[in-house]
Amino acid sequence: MKYFGGCDVGSTYTKAVILDENGKIVADTTIKSKINSAESAKIAMEEVLTKVGLKSSEELEYLIGTGYGRNKVPFADENISEISCHAMGVHVTDPSVKAIIDIGGQDVKGISVDTDGTVKNFAMNDKCAAGTGRFYEAMARSFEMSLPEFSKLSLSAKNVIPITAQCTVFAESEVITLVGEGKPMNEIAAGIQMAVAKRCFVMAKKAGATDSITLTGGCAKNDGLKQAIEHVLKLKVIDLSIDPQLMGALGAAEFARQKGLAQA
Amino acid sequence: MKDLKHLIEMEDLLQQAHNKLVKEAREEGRKAIGYTCYFMPEVLLDLEGCFGVRLRAPNCTTPVMATYYMSGRTCHFGRSLMERALEGGYNFLDAQMATETCTVTCRFQEHLQRMDIIQNPDFFVEFTDVPFKKTENSVEHYRKQLQAHVLDSLHEKYGIDTSDEALLKAIEQHNEVCRLVSEIGSYRKLDVPTITGYEFAVIQLTTITCPKDKILPMLRETAEEMKTRKPDLKPTWKVKVCVAGAENDDPDFIKLIESCGALVVADRYCYGSLPGREEIVVQEGQSPLDAIARHYLNTSCCPRFMPQDIMRGRKQYIADLCKEYNADGLIIESNKFCEYWSYERTIDALVIPRDYDIPTCSIEKEYINSASGQLRTRFQAFVESVELKKLHSRKGADDV
């Protein structure tokens with residue numbers, strides 16, 4: 001059996017996927033990223049290789065790196081941007097999906113997907129961290145909660161307290177002020193979800209997303225955000241059958257499979 | 001490809017406005033005249049006894065001091081120039097020939113005039129009004145402005161010879177620079193170009209920031225060298241692109257695009273060569289100043305001109321360039337808070353893919369791009385999508 005690998009080195013988590021020649025996932029992993037991208041990739045790859053019973057990445061037919069640390073993946077045959085990989089990952093998971101909002105650790109992207117899984121159009125936030133995983137980390141820290149607890153809290157709100165600041169630093173101080181004023185915590189949390197959802201709305205519209213949309217990246221597991229996005233986009237967000245955080249690595253592995261088989 | 005003989009020296013000249021050739025020219029007693037805009041005809045500043053320096057602020061970090069004077073919601077380029085002026089980077093200037101064109105660069109030049117920033121007692125600033133139309137009245141107005149604010153002031157303040165003969169001599173030198181830059185740039189049209197967009201950007205920038213007579217020997221040698229330059233056996237690029245948009249004087253921005261697999265084959269941006277390196281033609285019986293005024297008004301593709309036919313002409317110009325230079329796609333950029341290009345970029349990003357079927361990537365950037373990681377992701381994703389579409393269209397053609 002031939003195996004193909006994809007390694008997505010993100011700013012917060014590193015994900016790796018190995019596919020067999022039929023495109024079936026035979027191993028995957030998600031680990032916390034280290035400061036050194038190459039080391040993160042090495043650890044993640046070692047984990048998936050062990051699961052498949054391979055000794056090294058060289059035993060893979062083809063390996064593609066993606067994510068912000070894509071240039072640093074050891075033994076990678078090439079690297080492909082995470083935008084293309086997320087599109088391909090989602091396409092092989094559910095070909096009916098035509099648009100993606102990818103919320104990673106340090107950026108937000110809107111991607112519209114063509115019928116063959118290639119990128120039709122995309123939009124991406126500027127260098128600020130507003131509405132990204134880092135933003136959520138800062139907000140959850142203000143609430144002294146974990147991210148799943150924060151998400152659950154926001155879902156319990158009956159009302160939404162609007163958060164005006166988009167900047168992570170200013171939003172954090174706005175939240176602290178609102179908490180100090182004794183405003184309900186769950187309504188503040190719902191306000192934060194709504195602020196991020198509006199930012200996602202802009203990215204989705206810029207990318208030309210009109211229907212059948214899904215969420216990828218670590219923040220896709222935030223149900224409060226999903227609900228807020230459905231509210232602002234007036235669309236039902238499609239749930240993927242595979243962990244949405246793995247989409248970048250899966251897309252990279254699928255590209256590796258296509259290229260590896262074409263070479264053979 | 002084999003390194004160009006003068007590339008490292010040219011790169012070095014771009015490290016600061018007050019570079020080696022500018023210093024040499026000033027030591028010879030010539031006056032350094034700063035400017036920022038295409039509408040200040042460089043040929044008028046390259047008369048005997050003076051030379052033009054189009055201002056840049058290389059390696060500028062956050063323009064903190066300039067933001068105090070100009071506010072944070074203004075173009076980063078204008079503020080970076082102001083920051084560099086406050087740091088003392090333009091103290092070599094003898095005059096600044098300003099134009100009332102982009103608001104923020106105009107405001108920067110007003111600050112030069114009103115504050116005692118340039119440490120040169122003879123330094124002065126003159127403002128030239130530039131029309132918003134290209135009619136006969138506009139040409140006449142522009143010509144009178146150039147006579148009064150540029151030629152007369154240079155003559156009165158520094159005794160520069162501004163006669164028709166002197167202008168014709170300057171045009172001759174200017175045209176040689178244009179011919180050589182265009183010749184070097186024409187190698188970008190080849191199926192496998194023998195010059196990179198980065199190399200060309202460095203060459204083009206030196207021609208607007210250094211005294212013409214001092215850069216000409218290097219240009220002549222480079223043009224000669226290009227005649228036999230061989231391309232790499234295996235191309236390092238996947239697609240070719242045209243870059244269009246607002247002010248860009250950062251060759252590293254072009255290098256960043258090229259590192260993502262897109263060879264930059266056409267530079268249709270402010271400080272680029274398209275337009276900008278067309279020769280000035282003086283007709284029989286025409287005054288040189290009239291020819292210059294008409295040339296700069298007619299060749300400009302600045303988005304400050306709003307008539308519908310001119311706006312439409314600008315889109316066509318980009319589409320024609322993409323065809324002429326075999327570009328597979330277009331990267332359209334504007335600086336954050338750029339007055340004219342913010343609008344133009346938005347329209348181009350809609351019109352050019354729709355009406356001309358040219359894949360387009362729209363980027364809002366800063367003067368110095370410290371967030372290169374995110375830009376790299378955008379460019380790489382754009383290259384990948386253009387490359388795939390190219391492959392699909394080739395496959396479609398083969399199937400037919």
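Predicted model: local features only at pLDDT ≥ 70, side-chain atom pairs only at ≥ 80, totals over all residues.
Reader: What scores does the model carry, and how confident is the predictor in chain B?

Author: The model scores ipTM 0.74 and pTM 0.86. Chain B has an average pLDDT of 94, and 98% of its residues score at least 70. The scale of pLDDT runs from 0 to 100.

Reader: Why is helix 4 of chain A called roughly perpendicular to helix 6 of chain A?

Author: The two helices pack at an angle of about 100°, and their axes are 7 Å apart. Angles of 65 to 115 degrees count as roughly perpendicular, so helix 4 of chain A is roughly perpendicular to helix 6 of chain A.

Reader: Which residues meet in the contact of helix 4 with helix 6 of chain A?

Author: From helix 4 of chain A come A:Phe150, A:Leu153 and A:Ser154; they meet A:Met185, A:Asn186, A:Ala189, A:Ala190 and A:Gln193 of helix 6 of chain A. This contact comprises five nonpolar, three polar and no charged residues.

Reader: Which residues of helix 7 of chain A are buried, and what do they pack against?

Author: A:Gly224, A:Leu225, A:Lys226, A:Ala228, A:Ile229 and A:Leu233 are buried in helix 7 (residues 223-233) of chain A. For each of them, 20 or more other C-beta atoms lie within 10 Å of its own. The buried residues of this helix pack against strand 6, helix 4, helix 6, strand 9 and strand 10 of chain A. Just after helix 7 of chain A, A:Lys234 takes a positive phi of about 55°.

Reader: What makes strand 2 and strand 4 of chain B edge strands?

Author: Strand 2 (50-54) and strand 4 (124-129) of chain B each pair on one side only. They belong to an open sheet of four strands in the order 2-1-3-4, with parallel pairing. From one strand to the next, the twist averages 25°.

Reader: How do you know that strand 1 of chain B pairs with strand 3 of chain B?

Author: Pairing requires at least two bridges, and two bridges join these parallel strands. In one bridge, B:Ile33 has B:Ala95 of strand 3 as its partner.

Reader: How many bridges join strand 5 of chain B to strand 6 of chain B?

Author: Seven bridges join these strands, which run parallel. B:Cys242 stands opposite B:Ala266 in strand 6 of chain B.

Reader: Why is strand 6 of chain B described as mostly covered?

Author: Eight of the eight residues in strand 6 (residues 262-269) of chain B are buried.

Reader: What does chain A contribute to the contact with chain B?

Author: The contact takes twelve residues from chain A and ten residues from chain B. Helix 2 (82-93) and strand 8 (119-124) of chain A each supply at least two residues of the side that touches chain B. The residues on that side of chain A divide into six nonpolar, three polar and three charged.

Note on methods
Residues numbered from 1 in each chain as written. Chains lettered and ligands numbered in written order. Contact = placed C-beta atoms within 7 Å. Nonpolar A, V, L, I, M, F, W, Y, C, P; charged D, E, K, R; others polar. Buried ≥ 20, exposed ≤ 12 C-beta atoms within 10 Å, placed from the backbone. Axes fitted to C-alpha atoms, helices over the stretch in contact; angles between N-to-C directions. Parallel < 35°, antiparallel > 145°, perpendicular 65-115°, else oblique.
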